[in-house]
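Please consult the sequence and the structure shown here while reading.

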Amino acid sequence: MTSINPPKDKYRAVWLIFFILGLGTLLPWNFFMTATMYFTSRLKDEVAINITGNLTDGVAQNYLEAKFNNFMTLCAMLPLLLFTCLNSFLHQKIPQKVRIMGSLFVILFVFVLTAAVVKISLSPVSFFTLTMIKIICINSFGAILQGSLFGLAGLLPATYTTPIMSGQGLAGTFAAAAMICAIASGSELQDSSFGYFITACVVIIVAIVSYVTLPKLDFFLYYSTGNSANPAEGVRDEETKLDLLKKENINGVDNSVAFSKHTSSSVFEIFKKIWVMALSVCFVFTVTIGTFPAVTADVKSTIAGDSTWGKYFIPVSCFLLFNLLDWAGRSLTAICMWPGKDSKLLPILVVARVVFVPLFMLCNVQKRVNLPVIFAHDVWFIIFMIVFAFSNGYLASLCMCFGPKKVPPHEAETAGAIMAFFLSLGLALGAALSFLFRAVV
């Protein structure tokens, strides 16, 4: 088998596996994020304690309940950033299989624990503390999983980053749809939440089985072993190249030095080639996480009154709509990649998304202190959410696809890890800014 005639991805099996693994990277975070109704209900108590430690009226919303979305986002994104950064070094010291399988098993354990806690009575403070520890845990290992997957996808053709991004988009859609079904079932919140988290466990198990299957596919082996279905053959090819380069050329230059530099470029040298894509994906997620869900989840319907729509407004118009359009945007890059990787229009479109910050602030966010409500009607919020979500998915996916392709193939895995780090940096910056954005309202 030669590089002129590579094997085909039979039945799109490798594409589908990367899609499932992409689903597994963001599913844990999305299941926690869309289950805010369950989490905040567990934080209610007959006597609430405010931030100063004084007893307050039990009717008032306690501090932990009021700030749950902000703390949840912060506890998710900071570990995500830290461990994505660590993964840039870990990927050279810890085998890929250990990083990916280990992360999936830890995430599975956390969801099993979360499902069990649904049936256990805890005080609000204990429940809040345990929940934040679990969020830190799943996002720490989720970061390692995500960075490892993007690095792995960098070895394959550019289109194989798309299924990871698309799978991540479906993760939110899947979680939002599962929560809406739980609400519609009419079951007690405790029972529906238990089933909700068990569903997440099943999906993670499917991701584990998919990853175990991946090394058995010829298409994956061909690209992951240096364009050879036989690893030993790939090693011999590299040895032959090295032997040839060690010989002096006709100008008397020692090419072994050039070969060494060619195969071991520094992270900074690689970053200089992809910095536009890296900063672009960072800015995309800074704007997105700065407003979603810390600001958007507090928007109230102005037309619902006492109707059922009031109960479904945020699950449908905020979470489900965002994730559907985000998924559509990510998936579109499989058939359309415009603007190109060297176009100046791409970073311009990325920066233009900052307009959504004031637009959402001026919707009917409750409770509010400083800003007036300009876009009160539900339709305004829905329109903003459609464009906001689609642009997030499409532009982020473009950046993640283009990053590893702006460097030579032997630098692609490191470039993928760098892109994953800046994606996580954007998430962390957005989480920190979400406190400011919500306070301004």
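A residue is called buried at under 20% relative accessible area, exposed at over 50% and partly exposed in between, with a 1.4 Å probe and protein chains only. The model is predicted, so local features need pLDDT of at least 70, side-chain atom pairs count only at pLDDT 80 or more, and totals for chains, interfaces and linings use all residues. Residues are numbered from 1 along each chain as its sequence is written, and side-chain values use heavy atoms, with hydrogens and water left out.

Helices are DSSP runs (H or I, at least four residues), numbered from the N terminus. Among the buried residues of α8 are Ser192, Tyr196, Phe197, Ala200, Val203 and Ile204. Their cover includes α1, α2, α5 and α7.

Two packed pairs are listed below; axes are lines fitted to C-alpha atoms over the stretch in contact, and angles run from 0 to 180 degrees between N-to-C directions.

| Pair | Axis distance | Angle |
|---|---|---|
| α7 (162–184) and α8 (189–213) | within 9 Å | roughly 150° |
| α1 and α13 (309–332) | 13 Å | about 160° |

α1 is therefore roughly antiparallel to α13, a label for angles over 145 degrees. The helices α7 and α8 are likewise roughly antiparallel to each other.

Contact means heavy atoms within 4.5 Å. In α1, Phe19, Leu26, Asn30, Met33 and Thr34 meet Phe319, Asn323, Trp327 and Arg330 of α13. On the other pair, Phe174, Ala175, Ala178, Met179 and Ala182 of α7 touch Ser192, Tyr196, Thr199 and Val203 of α8.

Key. Helices (H or I, at least four residues) and strands (E, at least two) are DSSP runs, numbered from the N terminus. Angles under 35 degrees count as roughly parallel, over 145 as roughly antiparallel, 65 to 115 as roughly perpendicular and the rest as oblique.
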